[in-house]
Every structure is written in structure tokens, then in C-alpha cells.
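Here is a briefing on one protein chain. Start with the overall picture, then turn to two of its elements.

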Amino acid sequence: MMKKELPHFLYGGDYNPEQWPEETWSDDIKVFKQADINSATINVFSWALLEPAEGQFNFSKLDKIIKELSNANFDIVLATSTAAMPAWMFKKYPDVARVDYQGRRHVFGARHNFCPSSKNYQRLASDLVRRLVERYADNPHIVVWHVNNEYGGNCYCQECQAEFRKWLKDRYHSLDNLNRAWNTNVWSHTIYNWDEIVVPNELGDAWGPEGTETIVAGLSIDYLRFQSTQMLKLFKMEKQIIEEYDPETPVTTNFHSLPNKMIDYQQWAAAQDIISYDSYPAYDMPKYHPAFLYDLMRSLKHQPFMLMESTPSQVNWQPYSPLKRPGQMRATELQAVAHGADTVQFFQLKQAVGGSEKFHGAVIPHSGRTDTRAYREVERLGHDLRKVGPVIKGSQNPAKVAILFDWSNFWSFEYVDGITQDFAYLPIILDYYRQFYERNIPTDVIAVGDDFSNYDLVVAPVLYMVKPGLGKKITDYVASGGNFVTSFMSGMVNSTDNVYLGGYPGPLKEVTGVWVEESDAILPEKDVKLQTNDGKHLTGTLIADLIHLEHAEAIAKYDSEFYAGMPAVTENHYHRGKTWYIGSRLDHASLSTIFDQIIGSLKLKPLSAKKTALEITKRVTADGQELYFILNMGNDQQPLPDDFKEGYHDLLTGQSPKNVLNPWDVELLTH
């Protein structure tokens, strides 16, 4: 059965009226309505109230909350409350608690602390969800079911170990296959019985802070795959129960910001009716970083997503949490909308009196006043979204460039022992994403299973793990006229982290037209010099591949070290397409020089012909109307590019565009 669409553009967030006297609820709702807030996410952490003892359910307060919101014509995002367990559960069933990386069984406290393999947790969570959905499934104001909350974190208990062994049997079928996959002859690790397999924690084959290093990479990577799968089973368990009673309302869970290495969001995407995401950019995060994450979330299902959480002002968990500058909140929320969000939702709508999040920002602050700067900005954004939300909702973000991001690569690349300890997957991916962000070239962030033929250019930095069939897929894409960029530390290993023999980059040798003999670690505070064929000087760090040409040509060579004169950046014409290989981590200016050449040769068109410090993003409605989001994501005035000065009007103001955008200003332009 087809799922319902969101009824309109949602503006709201997490509301916890159970923390407040009932007589205050109506006043809260008046404040929300004044700001054009039209939705509330409720019941996220209410298990202890709903079930004070096993099997003794009390929905009386939730009944009143839902009635109050329904009578006020609010859209409700109803959560299942399974993310934080009540104290009695730990006392009665200790197995519901996780065992941590150090082998310690946790006790009551915190949240996100359940063991995904615990049969007691599964049984009790299922019972709660069933009673909840039975009670409220017919309420037309419920527009989304919100399962659990921010899944993540691993468990290393005996039950997980037993389930892991079953998972491995299903994956490898025999111990011969498993031993071959993990290359267990190294260090006498051969497994002769399934019950000899132990979880990779601090007591076993993992080491370093929280498993950042590993002895047997195949084991550790498989354990991350297994834990992601176990968590996904929990989500599917709750979703199946919901759909027994309400098959039409969309079901989701809120993904948390990277670096969350525990959950493979691409694996989870198919099970989500709509992607939802919690966005909390750090105070020192470059503006292209949240844009990348929004593009990743949109690309998971290639459709608009929900911005489930954000903050109207400060957060409580950063080491430093400066206030958002005037206009900054509006601009950062509209940045998410520009990149595909069909909702804007805050944590939280009313600031808590106690607990660790009491100094996390909110729409209604501790003062209870509405004459505050933060509230006025929330109110202004609400008025904006009421005006333009109907136009934006459901519109798409077309892109002809894709960045390849893959969780198995994320895991395996950061387990690499050797060459340098400074390998980090996400920062290198962001190096390449930034090239398109700063040129205002729309970009998707795709999985290895996506259709490459939708794109003129696919960029896959540090494609360290090349899974079965991926090398051929890339080769066929380029042969058919596609264009492909990859880098150092690519084509190195298979899906179980065993090296492809015959020279790097393994399955990508033919399409890149090069082979890599060895790689030099560039020491911290050092660099390597490069020079392009037309005499431009470049700088590389982290690593330098010693590249040999087979069919490719060098477009830049090393200009220092004993390998001066060897190829450093190459281009290969392969049938109808091209491939580029970049052998060092180039600094931003140097990488920009290379991409000037690549983008120019492919005639990729930015959204503005003139380079600008403004962020420009485009969404397109079903009837073809182009919506250009022009965002000033900084503290300085910026001129509007000439492209947008004639023939456009601003949907937010109803007027012609301004020639200069003030700090944190936004225009939404259309013809």
C-alpha cells in the first residue's frame, strides 16, 4: 500500500508536555501558533510513564497530550518511546543492558543503552509499540510514526556474540570460507569451530580507543556490519507492528550526524518511508560540511527528507556553544531546506527545567517570554515557511555530479594499519565535495549500488574497498561515456579487507590506466611539491603514490623528493569516457587547480556563471518551476551575482532581489 505524503511543510519539533503541568499546555500551544508552528514530535522518551511496571500500562497523560494537540489542529509525529528503558527493566532483566567495548555490563542510566540482541528487550519493546499503535492508529493528526531515536552504539555481550556467529554462518556458510575471508593463517587465528569466534572488543582482537584499531580487519568490519543489521532488525520489528494497524502513515527513525560509524544509513534507507535527520553543525564547522550531510540524506532515497531535529539557538553538548548570530538560525535552517528538507523541526520546543539538556536551546526559553531575539527569529522563519512551504514541498534537487560515499569504506579505511596513522575518511570526502559546493554545482552523495549513469561525473576519493562487481560497474560506466575521479588508497582491498594482488589500484587499474608501486607517508608539518604540465605549482600532504603510467597520461608530476618527475595526477581516456587519478592529498588550492581542469573539460555548469561566496542551490517543482536558494552563510555582506539580477523575484519578500545580501541573509528566487 502506498504511504501518505506529509500533509504540508512541517514546522515544529520535540515537545515534552509530560514534563510540565497540564494547565501550561494551552499557553504553550498559543506561543507555537503565533510562530506558525504546525507540528509537534511527542513521546520520544516516555516509556517509564507509559509502563511504570511490567505489563501495567498507563496512557492517561499521553491521551490528554494527543487530545490537546489534535484539538489545536497540530500535526503529530508520534514516537514509540523505545530508546530509553525504565529502571524496573534493568532490575528485572539485566540482559537488556549493553556490554561495552571493555566487557562491562551497563546498569540503569543514560539512554540508547539497550542490547539489540536481547530477547527481553525485543519482547518488551514490541508489547509497548503494539499497545501504543492499537490506541492511536486511527488519529488523523498523526502524520509520521517515529521509531526509537538516534540508533547507534555497539554491544559486545554473550547474546550478541551468539547472534554474530549465526550471522557469520549465513554470510560465509562454512568455516573454510570464513577463514579464507579473514585470512586467519596470520598470527595463528584459524577458526575450527563456530563457537571459537569472539566479538572484537578490548579483550580480543580489537584495540585502541573504542576499537579504532584491529588485528583482524575482516572480523571487525563484519562485526560493524552485524551490529548495524541487528539494530535494523529492531527498527523493522517496530515498523511491522505499526503497519499492522496503520499501513498508510509513513514510518521513520531519526538518523544522527556523522561521524556515526555504527549505523550504515545506506543499508537502512530502503526500510525508511522517509529519511529523517538530526542536524547540529558545530560552531567551528565549515559551511560546506552540513551541506554535504544534507545532500547525503537526500540522496539516500533520492527524495526530500525530514529535518527532524535542529536547534533554534545553542546546544548543551559542545565544549563551546556561542550564540547564533542575528539571522544565522534562519539561514542554517533554510540551508537544509535548500538541500532537500521538507520539514524544519527543532529540539526542543520548550526548554527543560532539569536534566542534561536544560541548557539546550528552545523555542520557549526558561523565561517563558516571546520578546526574545531567538523567538522573533523562530517566528519570522515560521511566517516564511507558511508562505513558501507549499511551493517548496516535494520539489527535487537535480544533480549531474555524484560523490561516492560507502560505510564499508568508512570502516575499512580507518582500520588501515601502516603508511600513516592520520587516515580519516570523512575529511578526505569533504575535500572533494567542497570543490563542487564552492562552485555551486549541485551534487548528490550516492551509494555504490546507485545508478551511475544518472551522472556526468562520479567522484570516489579513497575508494579503498572495492566490493565484488564494483570495479566492473565503474569500468562499464566510463566505457559508456561516464567520467570518474578517484584517488590514492583506492582499489586496494576486497569486501573482507584482503588486498587485491597484481598491483594497486586493483580492479581499477584498467579504467585508470595506472599502477601504483608504493606510497610514501608525508610526515606531519611536511609536504610534497607537484607541478602541472602548464607550470602550476601544487602541494600535497598525507601520502604520495608512486605511479606508473600504462595507458594514462600525467597532468601533474612530483616536483620534490626522490620521486620528482614521476606522475602524481593522471588522466586516462577509456573508450567513450575519462578517468582521473589523484595520487596525493592536495591542499584546497591545489585540488581546485586540478578540478578547474576537470570541470572545464567536461563543461559542467555551475548555478552561477560568476564565482561567488554565496551558496546557491536549486530545487525544481513537479511542474518545472526552478527555485534558487541564495544564502549568505557568513558574517560579511556579499553581492548578488549578475545572473539573478534580471527576471527574478524573491518568494520570501514578493519583491525583486536585492543587489547585496547582508550577513546570514537568504533569498528564494524564481522567474
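The notes below cover the whole chain, then a strand with its partners, then a helix.

This is a predicted model. The chain has 671 residues. Its secondary structure comes to 17 helices and 28 strands.

**Overall dimensions**
- The radius of gyration of the chain is 26 Å. A compact globule with 671 residues would come out near 26 Å, so the value agrees with that expectation.
- The C-alpha trace spans about 75 × 75 × 45 Å along its principal axes.

**Burial, contacts and surface**
- Of the 671 residues, 60% count as buried. The cut-off for buried is under 20% relative accessible area.
- Take the contacts with a separation of 6 or more: residues 24 or more positions apart account for 73% of them.

**Charges**
- The chain carries 65 positive and 85 negative charges.
- The mean positions of the positive and negative charges are 3 Å apart.

- Strand β3 covers residues 75-79 and is mostly covered, with 5 of its 5 residues buried.
- Which way do the residues of β3 point? Asp75, Val77 and Ala79 point one way, while Ile76 and Leu78 point the other way. Both sets are buried.
- β3 pairs with strand β2 (residues 39-42) in the parallel sense, over 4 bridges. Within this pairing, serine 39 stands opposite aspartate 75 of β3.
- β3 also pairs with strand β4 (residues 142-146), in the parallel sense and over 4 bridges. Here alanine 79 has histidine 146 of β4 as its bridge partner.

**Helix α11**
- Helix α11 runs over residues 328-338. How many of its 11 residues are buried? The count is 11 of 11, and the helix is mostly covered.
- The buried residues of α11 include charged-type names such as Arg330 and Glu333. Among the others are Met329, Leu334 and Val337.
- An α-helix has 3.6 residues a turn, so residues three or four places apart point the same way. In α11, Gln328, Ala331, Thr332 and Gln335 are among the residues that are buried.
- After α11 comes glycine 340. The phi of glycine 340 is positive, near 125 degrees.

Definitions and conventions
Residues numbered from 1 in each chain as written. Predicted model: local features only at pLDDT ≥ 70, side-chain atom pairs only at ≥ 80, totals over all residues. Heavy atoms only, no water. Helix = DSSP H or I, 4+ residues; strand = E, 2+ residues; numbered from the N terminus. Rg over C-alpha atoms; globule rule 2.2 N^0.38 Å. Buried < 20%, exposed > 50% of the residue type's maximum accessible area, 1.4 Å probe, protein only. Contact = heavy atoms within 4.5 Å. Charge placed at Lys NZ, Arg CZ, Asp CG, Glu CD. Pairing = 2+ DSSP bridges.
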